[in-house]
Structures are given as structure tokens and as C-alpha cells.
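Opening the notebook on a new chain today.

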Amino acid sequence: VNIRDITICDATAQMLEKAKRDGVETAFDRAATMKACPIGADSACCKHCSMGPCRLNAKDPYGKVGVCGATIDTIMARNFARMVAAGAAAHTDHGMAMLDLFREVVSGHIKEYRIKDVQKLDMVAQSIGIETEGRTTEDIAMDLYKELERTYTQVEGEIPFAKRVPEKTLETWRKYDMVPRGAMREIMELMHRTHMGVDQHYENITRQCSRTALADGWGGSMVATEISDILFGTPKPVAVEVNMGVLKEDMVNIVVHGHEPNMFESMLVSVSEASLIRAAKDAGAKGINLCGMCCSGAEMMSRHGVPHAGNFMSTEAVIVTGAVDAMVVDVQCIKQGLSKVAQCYGTHLFTTNYRCHIEGAEHIAFHEDKPGECTDEIVIRAISRFKSRNKPIEIPNIRNIGVHGFSHEYISYMLGGTFRASYTPLNDNIINGRIRGVAGVVGCTNPRVRHDWVHVEMVKELIRNDVLVVQTGCSQISLAKAGLMTPEAAHLAGPGLREVCETVGMPPVLGLGSCVDNSRILIACTAMVNEGGLGDSIADLPVAGAAPEWMSEKAISIGHYFVASGVYTVFGVTFPIVEETKFHKLLFNGLEEEYGLGKWGYTADPYEMARMMIEHIDKKRKALGI
Ligand code: BF8
Ligand code: SF4
């Protein structure tokens, strides 16, 4: 195989060549030899009990049922719902960890972190009806903690951020019993209902599936974003270098990869400690170089301008450089294969979170009450690895500079100015047609498709057609590497979008951060609705979403909370469904037509994906009479 058919990322390609020479295997190799199971790919199998596992025939979906009698629609709906449950659990558990830290900080038990963004604290508190006038930061913060805890533990009622949902969207959810009560309850109920012999109507399963997904988007993910902003600062645009060239041969290189910012924040403190910098210099290094990858990398580059080494499909490749002295991980999207690659190159692979150990990796426990103990130790170990480097090092000399860190708050300042921050100019430009619509392009990279290519081609097609693109997660890194996160990239945009970008001085593609920061897109959509002129619900907006190279259950949960919020969402790679079944028709049509929500779409082709999204945007424009 030609490596160019596998990835368009030059740095990753260079490292895959090197891996081949070194006899090191990566996920790209394994994807080539491990053929995806065709029955599983169509979600036509069930292993929920030991009368099975049962395999149905995707070519004749109604020709057979499982031993219990479960139909293809029940089986697919249950499988899909369990993906949503797992993805929602990942985001909400991450959010809960941030909330735990917030509580400990506010109550004074943890002094190593503090509230950094008081203005954001006030804004979030006000958004859910907490009085802020004349009160102390501590009081407001404690009230906010108590309120947001309900996002998880509440048994009856509506989660706190339901107060932020546009009225008409919320009405629709209420009508169908889809407003989340608390994430723990929704996930528990969904797991129950998808057990053998419980909910066996695909449409009823999908309702609870939607409620659970909404508990992620407007619950766990939104809590993760807002609390992280309060504790660590709300992102503002910052120029950052992205790609493997951010590694430095003459420095101690530490790469952090995962999702929760608390450990990474502490790494940032450790690498700037004078004694550790001196130790690095004593070891012959010029200093310590801290870089991020994947989502925690995306958060840290947005907040602090920390360089970013690459997305999900580059995490093994980056170790192949030989230049990584320590890779430090916490939770989510950490390939177990990293352990073997790290061993091959003498790189230390450290797990730090009690929820994630990896066989073959060393665990150095991270505790928030003494964070430096873990992260200082990691720096010391990285320095000793630097000293004993004994393999040739090859760092791809590629760095792409771009602007990242467009929080939804900043987008409003950027467009409206500090004194009249608002989404009015965005809405105006959509109404006057300079901007055709807005697309959220997010999600993973996946070795089953040409790495980065689907993201980049699709986004180029969108901006060429005057669609403003907002991004998060690994997709944001794909476009950063393609150079589209710069104001200069405006020349690739259609004339209307180009004019807006040039006037404001902004890129046509805006990076909003990590995957939990997709909640920023929900808030931006809400701001667009509230601003007026574009309908009364999120479903009325000329917007669309996509995850062109998705791979994780988290991506499915995100996709479904956008759909349930009213957004047409198109996924690439493959979709776990048998086409033309009742469940397929519900997800790809019925949710929009009968429920007034958004709907799913699927195509692996980037140009077709852009076309489908633009067609939807045009349909919404027409309905609005603009
Ligand atoms: O949460 S985009 S590969 S790193 S799942 Fe994972 Fe996908 Fe990347 Fe972050 Ni999101
Ligand atoms: Fe088969 Fe039904 Fe058991 Fe699933 S729940 S494995 S379809 S018998």
C-alpha cells in the first residue's frame, strides 16, 4: 500500500515509513489486516443474552429474528442506544470529575487550583437563575456547585442547563418526555431498557436514547466545559503551533494525551518549575518542551497556547520519532497499542488516572490535592529518559501555525465588540446571505478512511460555499494541519464568507476546543435563536453538523444530542444500521418529520457530505424566507 492513501498528514506518513523500517506495528497496520466484521458493522447482531449471540441477515433484515424474537429494529436500536449510553457516560463522568474538583476548590479542601474566571462563574450562575448581585464569589460558586450536581444525581425534574435551551426546542422535548432528569438516572434507565426482554419498540428505545444523549450535551459535556472555563480560564484566540515539528530534538519532550484538563494544568506548572528546568539543563537539554495531543491537547492549546502534536491517528506515530521522553495519559481514546510502540522506542508511557490503567504502562497516580507529586515525578522520569536516549531521532520538520480558542463568548465579542457583544452580526450576515449557514465539523480520525482527508476536503467544500465552519476535537487538528485556522485561509472561502472574515480578521474555520466543548456549539446555536430572525428553535437554524471520520461511542452520543437538539448531523466512515429498515427511517427522517427534531445522515464521501449539509442549510433558509 501507498502510505499517501492511508494519511494526508505528511508527518504521520513520514513516521509510518519509519515504523515500517523499524518493524513497529501501528493501528494503521492492524486496520489493514483486521477486516471489519460485516454483520457488526450493520449492527445486525445481538449479544445481550446467552440464548444468542444472534446474527441477523442485513440483506434480508426481516427474514429472521433473534432466539427471543427480537427484530432487526429492536436489535439495532438497542445497540445504538448502548453506544449513546457509553458515550454519554464518558462525557458525563469527565464532567463530574471537573465538578468534584470545583467542589473541593470552593470548599477550600484543595488549594492547588483556584477559580480563575470569576466573570464566567457569574455568567454561568446567572444563566441558571442563581443570584449573583452583591454576593461573594465563594457563595455563588457553592450555589453553582449544588445546582450543577443535579445534572448527575437528580431523580425527578429537569437538569439545570435545560434553562438555557431555546423555549420552543424545550417544548418539543417536554412533549416527548425527552428532557433529561439526571445523567445517572438516564444512563441507568437506558441500560435497563436495552436489557434482554425489556423495551422492544425501536421508537420507544430511541426516545430514552435521545434523553440520555441530551443529558450528555446539555448536561455532562456542558458542565465539563463551563467548570473547566471557570477553573482554568475561558479561551481567547491564541496563535499555536500544531504538528509533530513541535517536538524538539534538544529538549526533554513530554506529550500529554487524554481528556481531563486537571492533570495537564498541573503538568504546565511542573514544567515551569525552576528546579526541574535546571535538572533538564544539567542533563544536557535546552529545556522542557510540553505538548498536547487529542482533546486535552485541544483544550490546552485553546486556553494556554500549548503546542499540539497531532490527533488520534498520530498518537502512535509521534512516539516513532524517538523524541518523546514521556507520554502521559489520563482517560479516553488512548490506544492500548501505545504501550508496545512506547516500549520499542524506550519512551515512558505513564497512566495517571485511577480509572485508566494500561498493561505495560507505568501508573503514577494523580491526586488533585497534591497534583505536583505526580507531574513532578513524570518530569523527572522524562529527564532521565532524555539522558539515556540511545536510538536515532527523526522529527518531521512540520509546524502549522494557526489561531485557536474561539469560545462562544469570544465569538460574540469578536463580532459585536466588547461593549455590545452579541450574535446580531452573525445573524445579520446569515440573513443577508453573506454567510449561507454554519456547520459544526467535529470528531475523530479513523484508520478505516484516509486520515485527515475526509475532514479537510469536506471543510474546504463548505467554506467555498460560504458556510462558516466551527470545529472541535481531532477534526480541528486535521484542519489546523491543513492551514485553515488562519485569517489568510479566507481566500479559500466563497465571496460572502470571505468578506466577513476579512472585515473581522477571523479565519473561516473556528476552533472551539475539545469534544466536550461541542457544548459551546449548542450555546452558540441558542444565542443565534435568541438573537432573532432565524426562527424559534434550533431546528429552524440554517446549520448542520458532521463527524466525517468518527470512531468512538462518544461521537455517537454527540451526534445524537445534536440530532435531538434539532441539528441535521452527517457521519462518515460507516453507520451501524441496516438501511431501509424502520429504525433507519426513524433516525434518518422520522425524527425530523414527525418529532420536529434534527435527523441523521450518512455518507463516506466528503463532497457528498458537504453537498448534503448545504442542501439542508438551503432548505432551512428557504423555510425562513431568507
Ligand atoms: O473526545 S475526537 S478520537 S480524542 S472521541 Fe477521541 Fe474522537 Fe479525538 Fe477526544 Ni472526541
Ligand atoms: Fe439473541 Fe434476543 Fe438474546 Fe439478543 S436478547 S442475544 S436477540 S436471544
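Below are my entries, going from the whole chain to a single sheet.

**Whole chain.** I'm working from a predicted model, so I keep that in mind throughout. I looked up the secondary structure and got 24 helices and 15 strands in the chain. Next I checked the radius of gyration: it is 24 Å, close to the 25 Å the globule rule gives for 626 residues, so the chain is as compact as a globular protein of that length. For the extents, the C-alpha trace spans about 70 × 60 × 50 Å along its principal axes.

**Burial and contacts.** I asked what share of the 626 residues is buried. The figure came back as 57%.

I then turned to an open sheet of 5 strands, which I read in the order β5-β4-β6-β7-β8, with parallel pairing. Which strands sit at the edges? They are β5 (288–293) and β8 (362–363), each pairing on one side only. I zoomed in on the β8 end: β7 (residues 348–351) runs parallel to β8 and is joined to it by 2 bridges. I noted one bridge pair there, F350 with E362 in β8.

**Helices on the sheet.** Helix α12 (residues 294–304) packs on the sheet, where I find it touching β4 (252–257) and β5. The direction of α12 makes about 115° with that of β5. Helix α15 (residues 371–387) packs on the sheet too, and I list β4, β5, β6 (324–329) and β7 as the strands it touches. Against β6, the direction of α15 comes out at about 155°.

Conventions
Residues numbered from 1 in each chain as written. Chains lettered and ligands numbered in written order. Predicted model: local features only at pLDDT ≥ 70, side-chain atom pairs only at ≥ 80, totals over all residues. Pairing = 2+ DSSP bridges. Helix = DSSP H or I, 4+ residues; strand = E, 2+ residues; numbered from the N terminus. Contact = placed C-beta atoms within 7 Å. Axes fitted to C-alpha atoms, helices over the stretch in contact; angles between N-to-C directions. Rg over C-alpha atoms; globule rule 2.2 N^0.38 Å. Buried ≥ 20, exposed ≤ 12 C-beta atoms within 10 Å, placed from the backbone.
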